[in-house]
Amino acid sequence: MPAENGDGRVLRIATRESPLALWQARHVAGLLAERTLPPQIVPMVSSGDVDMRPIDGKRSVGVFTKRIQQALLEDEGDVAVHSMKDLPTEPHPRLRMVASPERETVADCLVSPAGTELEDLPHAARIGTGSRRRAAQLLKVRPDLEVLPIRGNVQTRLQRMHDGEYDAIILAAAGIERLEMMDLPRVELPLDLMLPAPGQGALAIEVRGDDSHAVSVVSRINVPRSAACTSAERTLLSDLHGGCLAPIAALGTVTERGGGDQPSVTLNLIARVLSADGKTCLESQADTPIDLSSDDWQRVAIELGRNVAAMLIDQGAKPLIEAGR
Ligand SMILES: NCc1[nH]cc(CCC(=O)O)c1CC(=O)O
């Protein structure tokens, strides 16, 4: 066993082998290397990258994240790096999410061979997405589109589009940027048209709850501004019992006003619940003052998530969510 103070201990980052996961692991390794010995990267194979069957409700819960969590539980690694939107809101009893570093672009992109704008896509164009959230928000503004399921990692999806199976696909901007596919023909969808998934563009870093060295080292790379936004989004998702497949979109943002001695910081949360065809779209938002320098930010963010979820439930969100299961 490593010494309790961790002196000389090299942390092992468990990661999936997809290019996106490897980028995320290396990125976190770089952040940790500024504060401790450079970590080691330990790749694992996960069913989420191999399984090409269409997504269905039960089998897919945590499909990207379970393998990495298992690596920590079996002591094959010490640090798990997840795309936060793939991580189920129900925490594992022996693991602890201790950090979320700086969030990247939150928007979704419409990717097509010619980088066509949404309004310029031909009538009944075939769009590849496995996400009910993306499908419903697309159909809300373009009911003529034909939304078709798609699976696999980013590279596989692009290949299927280039093979002519789809006229366009939707991908998170963060994934495209992480993979440095800057030349990929695409347009960023406005946030009011395509509100992102809870946690999109953010990373979630877990360690074993009883690994006090890892808890203390890894929590140093937490960025409270990012963590507060995603904590509000995930609380909302959890209160709606949504899971990562529900037609639920949410975005937390922090705005800072005034400088000097009394800067005021506000956390805003906007969220949507949609019917599968996009014809019903419930929307709610609220904001709250937040002090990101005190230990209280998490409680404030959770309360905001609860409030916005409760407003959506009052508007009738539950039957919409259950209809999509
Ligand atoms: N579900 C797969 C997944 N998980 C995280 C990302 C992108 C990066 C992110 O949103 O953090 C993607 C691909 C996508 O949605 O296009």
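In what order do the five strands of the open sheet lie?

1. The order is S2-S1-S3-S10-S4, and the pairing is mixed. Please keep in mind throughout that this is a predicted model.

2. Now for the edges of that sheet. Strand S2 (40-44) and strand S4 (95-99) each have a single partner strand, so one side of each is left without a neighbour in the sheet. On average, neighbouring strands here are turned by 35° against each other, direction ignored.

3. S1 (residues 12-16) pairs with S2 in the parallel sense, over five bridges.

4. Helix H3 (residues 66-73) lies across S1, S2, S3, S4 and S10, and runs at about 155° to S1.

5. On the domains, the assignment gives domain 1 (12-101 + 202-222), domain 2 (108-188) and domain 3 (228-323). Between the C-alpha centres of domain 1 and domain 2 there are 27 Å.

6. Which domains supply the shell around the ligand? Domain 1 and domain 2 each give at least three residues. Among the residues around the ligand are Ser-83, Lys-85, Asp-86, Leu-171 and Ala-172. Strand S8 (168-172) and helix H6 (173-178) each supply at least two residues of this shell. By class, the shell has four nonpolar, four polar and two charged residues.

Definitions and conventions
Residues are numbered from 1 along each chain as its sequence is written. This is a predicted model: local features need pLDDT of at least 70, side-chain atom pairs count only at pLDDT 80 or more; totals for chains, interfaces and linings use all residues. Domain bounds come from an automatic or database domain assignment. A residue is near a molecule or strand if its C-beta atom, placed from the backbone, lies within 6 Å of it. Helices (H or I, at least four residues) and strands (E, at least two) are DSSP runs, numbered from the N terminus. Ala, Val, Leu, Ile, Met, Phe, Trp, Tyr, Cys and Pro count as nonpolar, Asp, Glu, Lys and Arg as charged, and the others, Gly among them, as polar. Two strands pair if DSSP finds at least two bridges between them. Axes are lines fitted to C-alpha atoms, for helices over the stretch in contact, and angles run from 0 to 180 degrees between N-to-C directions. Two residues are in contact if their C-beta atoms, placed from the backbone, lie within 7 Å.
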